Amino acid sequence: MHYPRHILLMLAVLSVLWAPDAPARMRVSYDDATVVDRSELIVVGHIKKGSVRDVAHAVPPGGGKSWHHTAVLCIAETIKGKTEKTEIPIIIHYGLDPRVGGYELRDGARHNRGGSRPGYPKELIEILDTGNSAFSGQPLVPDAAKDNLWFLRRREGTFGETRSNGPLGIVDPEDLQPLELKPYFACYLDKDPESTVARYAAAHPEVAKRAQAYLDHCEVQRILKIEDAEARARRLLPYFLKDYRWDGVPEALKGLEACGDPAGAVLMTVFDAEEYRSSRVPIIRIWESIRYKEAVPVLVKLLKEHDQFWAGQRLEAGWWNDDSDPELMRRRQEVSGETYYAVAALRHLGNPSAREAIELTLNRWRGIVVDTPQIVEECERALRTLDGQTAHN
């Protein structure tokens with residue numbers, strides 16, 4: 001699953017400003033072409049009745065429990081790779097948990113997760129993504145005891161994070177897909193996958209959105225080869241603004257950073273556009289990364305505008321999570337994030353003309369009741385940086 005930029009922004013703000021010490025773990029989302037390419041064996045198959053077993057991992061000193069499951073996979077058809085076997089052992093790695101007839105198998109025991117309800121299908125095998133803080137509670141496929149698409153790899157480690165020579169298995173939610181997607185995934189095995197995927201997506205709107213990520217990836221790779229940095233930045237901008245990512249990596253954002261100052265100027269053209277408000281923090285961070293000096297007056301102006309915003313707010317204890325007015329809560333959190341990253345960028349840009357706006361922000365936030373003082377601390381760091389530059393000069 002790809003999370004919209006406003007969700008990612010909110011998570012970023014929370015992790016920086018008011019999150020607990022250990023941030024939530026979000027899975028990387030892998031795109032369909034990657035899932036096909038990395039799989040040693042792709043088959044149509046189902047889990048054999050009664051074959052699911054749980055295997056506890058040794059608990060390291062100071063560590064927590066982890067486990068994986070084993071099963072036997074009955075193969076009906078091979079789509080990629082070679083095997084003459086009709087049954088193979090597989091590993092269902094930690095973070096993907098099977099429920100058999102509504103029961104989880106763990107520590108050698110059966111834990112009821114609805115299996116005692118009258119009429120619950122006793123043969124039903126559901127596999128859930130429990131290794132994600134955005135855990136939905138929905139199984140990857142309706143029933144893994146029936147034929148589905150399995151994208152198998154040889155991995156080891158607690159999270160299946162390293163290659164191995166052991167049994168095949170599934171690691172990520174994308175490694176198990178419903179059977180009806182078989183013709184779609186077959187497109188990625190064609191000699192000209194881009195054209196084949198494009199034609200299939202045009203004829204099958206139900207897969208158009210997921211296929212678009214691959215088509216965007218192909219186009220972005222071509223754009224990245226453009227020699228002229230300004231032309232490259234302008235071509236990358238639409239992909240950046242729609243928060244395009246490939247396997248969780250913001251390729252367009254990375255490409256803009258590589259363009260340097262021309263990208264800074266291109267981003268300046270959309271910074272104040274209300275429809276791209278959710279892109280402000282990523283733009284600020286790019287300006288910081290490329291040390292784009294022309295951003296200084298824009299960020300100074302932003303801090304002064306935000307100071308006026310806070311001047312009109314009545315902030316009581318707990319205001320950050322006060323959802324009595326959800327739109328106001330969202331706006332406050334958004335402005336907090338922009339404020340923090342603007343000050344951080346100005347610290348790295350090191351222009352003395354930013355001092356007044358940073359001092360204004362510091363004085364404002366010293367009077368705001370918050371659980372943690374990150375914005376105040378960042379203002380103080382920025383002012384120390386400017387002081388150090390003045391002393392050095």
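The charged end of Arg280 sits over the ring of Phe271, 4.9 Å from its centre; the criterion is NZ of Lys or CZ of Arg within 6 Å of the ring centre and within 35 degrees of the ring normal. This is a predicted model, in which local features need pLDDT of at least 70 and side-chain atom pairs count only at pLDDT 80 or more, while totals for chains, interfaces and linings use all residues. Residues are numbered from 1 along each chain as its sequence is written, and side-chain values use heavy atoms, with hydrogens and water left out.

**Charge over ring, and helix 9**
- The charged end of Arg331 likewise sits over a ring, that of Phe309, at 5.5 Å from its centre.
- Arg280 belongs to helix 9 and is buried there, where buried means under 20% relative accessible area, exposed over 50% and partly exposed in between (1.4 Å probe, protein chains only).
- Helix 9 (residues 280-290) is largely enclosed by the rest of the structure, because nine of its 11 residues are buried; helices (H or I, at least four residues) and strands (E, at least two) are DSSP runs, numbered from the N terminus.
- Among the buried residues of helix 9 are also Trp287 and Glu288.
- Just after helix 9, Arg291 takes a positive phi of about 55°.

**Aromatic pairs**
- The structure holds 18 aromatic pairs, defined for rings of Phe, Tyr and Trp (its six-membered ring) with centres within 6.5 Å; planes under 30 degrees apart count as stacked, over 60 as edge-to-face and the rest as tilted.
- Tyr184 and Tyr200 form a tilted pair, with 6.2 Å centre to centre and 40° between the planes.
- Since Tyr184 lies in helix 3 (residues 182-186) and Tyr200 in helix 4 (residues 193-203), the pair ties together parts that are 16 residues apart in sequence.
- Both Tyr184 and Tyr200 are buried.
- Trp310 and Trp365 form an edge-to-face pair, with 5.1 Å centre to centre and 75° between the planes.
- Trp310 lies in helix 10 (residues 296-311) and Trp365 in helix 12 (residues 355-366), so this pair ties together parts that are 55 residues apart in sequence.
- Trp310 is buried at a relative accessible area of 4%, and Trp365 is buried at 3%.
- Ring pairs link a cluster that includes Phe151, Tyr188 and Trp246.

**Strand 1 and its partners**
- Six of the seven residues of strand 1 (residues 41-47) are buried.
- Strand 1 runs antiparallel to strand 9 (residues 148-156), joined by five bridges; pairing requires that DSSP finds at least two bridges between two strands.
- In this pairing, Gly45 stands opposite Asn148.
- Strand 1 also pairs with strand 3 (residues 67-80) in the antiparallel sense, over six bridges, and Ile47 stands opposite Leu73.
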